[in-house]
Amino acid sequence: MSAKLFISCNSEVPEGEVLAKTHCSSCHLFPEPGLLPKNVWEHGTLPYMAIYLGIASEIANLKPPIADDVVLRPSQQLISDSNWEKIKTYYLSNSTRELATVNYQTLTEKKGLFEVEQIPITTHQKTLANFTYIAIDSINKLIFSSDQTNKQTHIFDYKGKLISTTENQNAISYIDFSEAKSRKYLFTYIGSTTQPNPENGGFAQRASWNGKTLQFEDKPLPKLNRATFVRELNSDKDKDKELVSGEYGYITGKVSLWNKNQLGNYEEKVLSNSVGAISCKIIDLNKDGKHDFVVLFAQGNERIVYFKNLGNNNFEEKVLIQFPPSYGSSSFELIDFNNDGELDILHTSGDNADFSTVLKPYHGLRVFINQENYLFKQSAFYFQNGAYKVIPMDFDLDGDTDIVTISMFPDVFNRPKEGFIFYENDGKTLIPKTLPIEHLGRWNVIDAGDLDGDGDIDIVLGSHPVAPFPSGFDQEWKNNTGLLILRNQTKK
């Protein structure tokens with residue numbers, strides 16, 4: 001590059017920054033150039049941004065897999081080619097070759113608390129299992145799991161013995177256990193595939209358990225686009241419960257409230273036309289006696305949103321926390337972490353599967369303390385590559401809240417043990433520890449509860465052992481069932 005051209009490029013950076021903040025903040029929090037390395041901006045993120053802005057000259061040269069999402073382009077180009085080039089120059093001129101490295105904290109083993117048990121599966125699996133969901137039903141002492149690859153739903157007893165397998169099942173994304181005392185469940189199915197697609201193949205279906213098999217019943221919501229949750233709530237305190245659904249979607253997504261009409265059918269009221277809803281907590285956040293709910297959105301406009309119940313099935317949407325689009329928000333929990341009577345937020349960021357698959361120093365667990373008036377301030381950050389799920393509970397029964405996190409995208413070459421981290425609460429701080437289970441699976445799903453009724457909290461894990469496999473681990477992952485019980489030895 002000549003000196004003259006180099007000066008010309010730099011002269012466009014200030015204007016490019018203004019344009020970037022204008023156009024790249026219209027749909028999500030502004031992404032600073034330093035969030036990704038230069039090569040990822042150039043070959044992954046910027047080409048994908050070009051689709052959303054409808055840049056015809058850029059789109060014409062795209063190749064798969066990015067080109068597969070050209071359907072997301074708008075009906076007309078949103079900015080001129082010259083302004084697009086200025087935005088590109090801004091990001092490429094202000095990003096670095098590599099992201100900052102993290103000095104890894106040593107993870108010592110948490111000894112004595114959990115006994116590791118592999119769950120055997122004697123089924124007609126055609127290929128390596130890939131689990132999209134796992135859950136503990138503490139009331140009936142059951143474990144539910146969903147194997148997307150083999151299209152099977154498994155139910156195990158509290159000992160880990162397989163007692164039921166349902167074949168030809170789409171991937172489960174959520175189970176509502178609110179009527180578990182009656183052995184009744186509300187299943188959410190994401191669709192025929194978890195991959196991005198425009199099909200309304202997801203649905204919600206009720207089922208009951210007779211002790212041996214699942215008896216499937218009606219489908220209250222039969223057509224949903226990549227459904228991530230359907231939950232029951234009673235927002236208006238009448239005799240009929242409502243349903244709240246989250247559709248991760250593709251081009252568009254939704255969060256909706258469903259009310260029964262006089263014919264007994266559910267009618268939809270869309271509360272948010274936003275893509276990326278992945279998790280929902282039903283709770284009375286403002287303590288007014290009505291069911292509110294809080295939703296985590298990923299996919300670009302990453303944020304945690306409070307849906308405040310105004311009565312008469314009306315809800316007010318309020319953003320509690322917003323994150324940059326590269327964070328990869330993956331889970332959250334509401335818990336009074338500092339024991340002040342107010343609910344705080346735990347959040348993990350670590351989804352690393354799209355067009356920026358590099359280790360990121362901002363992935364991990366964050367603690368946000370409630371400052372009242374719906375203001376949450378970050379009080380702590382615990383680094384973890386590819387953090388995917390957080391569960392806060394008093395696992396060691398010492399009166400304070402411990403935390404467990406898993407990673408689907410750990411640094412398998414330099415820090416494989418971060419796939420499972422146990423944060424031990426010593427009353428003053430959280431001490432990260434681990435278990436020697438990194439060779440047994442690539443942990444994608446997790447749940448916790450009192451599985452065997454002995455008064456302490458057990459853990460179940462499911463693996464997503466898809467390529468690329470880390471060297472030295474692939475064969476071990478392939479030779480295991482991919483399901484674990486971490487049986488708590490504390491005893492109440």
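This is a predicted model: local features need pLDDT of at least 70, side-chain atom pairs count only at pLDDT 80 or more; totals for chains, interfaces and linings use all residues.
Let me begin with the contacts, where contact means heavy atoms within 4.5 Å: among those in the protein chain with a separation of 6 or more, residues 24 or more positions apart account for 52%. Residues are numbered from 1 along each chain as its sequence is written, and side-chain values use heavy atoms, with hydrogens and water left out.

Now to the overall build. The protein chain has six helices and 30 strands, taken as DSSP runs numbered from the N terminus, with H or I over at least four residues for helices and E over at least two for strands. Its radius of gyration, taken over C-alpha atoms, is 23 Å, which agrees with the value near 23 Å that a compact globule of 492 residues would have, the rule being 2.2 Å times the number of residues to the power 0.38. Along the principal axes, the C-alpha atoms fill a box of roughly 75 × 60 × 50 Å.

As for the surface, 55% of the 492 residues count as buried, where buried means under 20% relative accessible area, exposed over 50%, and partly exposed in between, with a 1.4 Å probe and protein chains only. The protein chain exposes about 22,000 Å², of which carbon and sulfur atoms supply 48%; these areas come from the Shrake-Rupley method with a 1.4 Å probe, and for residues only the protein chains shown count as cover.

Let me turn to individual residues. What does the side chain of N130 join in a polar contact of 2.4 Å? The partner is the side chain of H464, a polar contact being a pair of N or O atoms within 3.5 Å where, within protein, one must be able to donate a hydrogen and the other to accept it, and where residues adjacent in sequence count only if both atoms are side-chain atoms. N130 sits in the loop between β2 (114-118) and β3 (131-137), and it counts as buried because its relative accessible area is 5%. Leaving aside neighbours within four places in sequence, N130 is in contact with S146, D147, Q148, T149, S463, H464, P465 and V466.

A second polar contact, of 3.1 Å, joins the side chains of E424 and K110. E424 belongs to strand β26 (residues 420-425) and is buried, with a relative accessible area of 17%. Not counting residues up to four places away in sequence, E424 touches K110, D396, D402, T429, L430, I431 and K433.

Some backbone details also deserve a look. The peptide bond from P64 to P65 is cis, with omega near 5°, and P65 lies in the loop between α4 (56-59) and α5 (81-94). K151, which is not a glycine, has a positive phi near 55°; this residue is in the loop between β4 (142-147) and β5 (152-157) and, at 31% relative accessibility, counts as partly exposed. Q299 has a positive phi of about 60° although it is not a glycine either; its place is the loop between β17 (292-297) and β18 (302-311), and with a relative accessible area of 26% Q299 is partly exposed.

L310 and I391 are 81 residues apart in sequence and 30 Å apart in space, C-alpha to C-alpha.
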